[in-house]
Amino acid sequence: MQAMKDTQIKKLIEAEKKRQKSVINLIASENVVSKDVLEALGTELTNKYAEGYPGKRYYGGNEVVDKLESLTQDRARKLFGLNASRWHVNVQALSGSPANLAVYLALVPLGGKIMGMSLDNGGHLTHGYKVSMTGKAWKQIPFGVDPKTETIDYVDLKAKAIAEKPDIIVGGFTAYPRIVDFKKLRAIADACGAILMVDMSHFAGLVAGKAYPSPFEYADVVTTTVHKTLRGPRSALIFSRLDKTITNQKGVAHSFSELIDKAVFPGLQGGPHLNQVAAVAVALKEAASPAFKKYAVQIIKNAAALADELKKLGWRIISGGTDSHLILMDTWSPPVGGGAGLGGKEASDRLEKAGIIVNKNTIPGETRSPVDPSGIRLGTAAETTRGKKEKDFRKIAQKIDKVLRKR
Ligand SMILES: Cc1ncc(COP(=O)(O)O)c(C=O)c1O
C-alpha cells in the first residue's frame with residue numbers, strides 16, 4: 001500500500017498504535033481486531049451509497065454490495081445457530097446506541113415504557129436512562145441488583161414489571177459481571193405482556209464461543225455491538241424474530257423484523273457503511289473458528305483469575321466474582337490488610353500512569369458521583385487477544401494492588 005500523504009494524521013495514527021501497544025488494556029468494551037478486519041475497513045467499499053436493503057435499493061450499482069450484505073447476514077445467523085426462517089438480522093446499524101434506539105423506535109410507542117437495568121447497577125445509557133434519547137422519548141422503569149448479593153433481583157424485577165406493565169424489557173448490561181437468567185426474563189416478560197429484548201453487546205463474543213448462555217432461545221429481539229468481545233469493527237447487529245408481529249391501527253400486522261428494518265433506514269440512517277459491513281463479515285467468520293472458541297473460554301478463565309487474585313489481595317469485588325469477561329472492583333472500600341480506599345477517578349488515573357488502562361465506574365448502591373464513583377471496571381478481552389493467560393492476569397492484579405494501595 002502507498003504511504004499516507006497526510007503526515008499529520010499519519011503521525012497521530014502511529015502515535016495511537018504505539019500507545020495501544022505500550023499499555024495493558026483492561027477496558028471491558030475494547031478489543032484488538034485482526035489485520036483482515038482493518039483491511040476490510042480501509043477499502044473502496046466506503047465510496048458506495050446503498051440506501052435500502054439487498055434487492056431493494058434507492059441507488060444503482062449494487063450487484064456487489066447486495067452480495068456482501070446478504071453474506072454478512074448469513075454469517076451472523078450461522079454464528080449464533082439461527083434459522084433464516086425464524087430470525088432476521090439487520091447489519092446496517094452504525095453502532096450499539098443507534099441499534100437500540102432503532103428497536104425502541106420500531107416496537108415501543110413514543111412515551112411508552114422501557115424496563116432496563118439502572119445505570120448504577122450496570123445497565124447502559126440506552127436502556128432508557130434519562131440523559132439518553134431513549135430516556136427522553138420513553139420512560140425508563142429501572143431494575144437492579146439485590147443489595148446483599150449484588151446480583152439481579154428477579155423477584156423485585158417481576159413485581160415491578162407486573163405493576164408497571166412495560167412495553168419492553170431489556171436484558172443485558174455494560175457493567176454487570178454475572179450470567180443473566182434469560183429464561184427468567186422470558187417468564188417475566190410473558191407475565192406482564194412485554195417484548196423481551198436482550199442487548200448482548202458485552203458478551204456476544206462469549207456467546208459465539210459458547211462460553212456464556214445464549215439469549216436466542218428466549219428473546220424476541222437481540223442487539224449487539226460487534227466491537228467488544230466479538231472482536232470486530234465498531235458496528236452493531238439487530239436480530240429479530242420473524243414470527244413476532246405488531247398490528248397497527250388499521251388492523252395490519254407487521255413483523256418486528258420489518259418494523260426494525262424501517263426504523264434503521266429510513267427512520268434513523270441513510271446509507272449503510274459498507275466497508276464496516278465487510279469488516280463485520282470478516283469478524284463473524286473469525287468468531288466461528290475453533291480458535292475463537294478457545295479464546296472465549298480463556299477470556300473467562302482470565303477474568304476469574306484476575307478477580308480471585310484481587311480478592312486474595314484484600315479488595316472487594318462486586319458480587320464476589322465474575323462469570324464473564326468483566327469485573328467491577330470497589331476501590332472506595334479500604335482493602336483488607338491496610339491502606340485506605342480511593343475514588344474510582346483517582347484509581348483510574350493512578351493506574352493509567354502505571355500503564356494500565358481501566359475505566360472508573362459506579363457500583364451498586366453508589367454513594368459518590370458518576371464523575372468520581374466508588375469503583376473501576378476491568379475486562380480481559382483485549383489482553384486475552386494478546387495471548388495473556390491466568391498467570392499473567394494474577395501478575396496484573398498484583399500490579400493493580402501495588403498501585404492502588406495507599407502507603
Ligand atoms: C450494553 C451496551 N449496549 C450498547 C452500547 C452502545 O454501543 P456504542 O458505543 O457502539 O454506541 C454499549 C457500549 O458500551 C453497551 O455496553
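Predicted model: local features only at pLDDT ≥ 70, side-chain atom pairs only at ≥ 80, totals over all residues.
Local features here need pLDDT of at least 70, side-chain atom pairs count only at pLDDT 80 or more, and totals for chains, interfaces and linings use all residues. Residues are numbered from 1 along each chain as its sequence is written, and side-chain values use heavy atoms, with hydrogens and water left out.

Q: What makes domain 1 and domain 2 the parts of this protein chain?
A: Domain bounds come from an automatic or database domain assignment, and here they give domain 1 (41-287) and domain 2 (290-404). Their C-alpha centres lie 28 Å apart.

Q: How do you know that domain 1 and domain 2 are in contact?
A: Contact means heavy atoms within 4.5 Å, and 27 residues of domain 1 meet that rule with 27 residues of domain 2.

Q: What is the area buried between domain 1 and domain 2?
A: Buried area is the accessible area (1.4 Å probe) that two parts lose on being put together, summed over both. For these domains it is about 2200 Å², with carbon and sulfur atoms giving 58%.

Q: Why is the meeting of Glu150 and Arg316 called a salt bridge?
A: The term asks for a side-chain nitrogen of Lys or Arg within 4 Å of a carboxyl oxygen of Asp or Glu. The side chains of Glu150 and Arg316 meet at 3.1 Å, N to O, so the pair counts as a salt bridge. Across the interface of domain 1 and domain 2, the rule finds two salt bridges.
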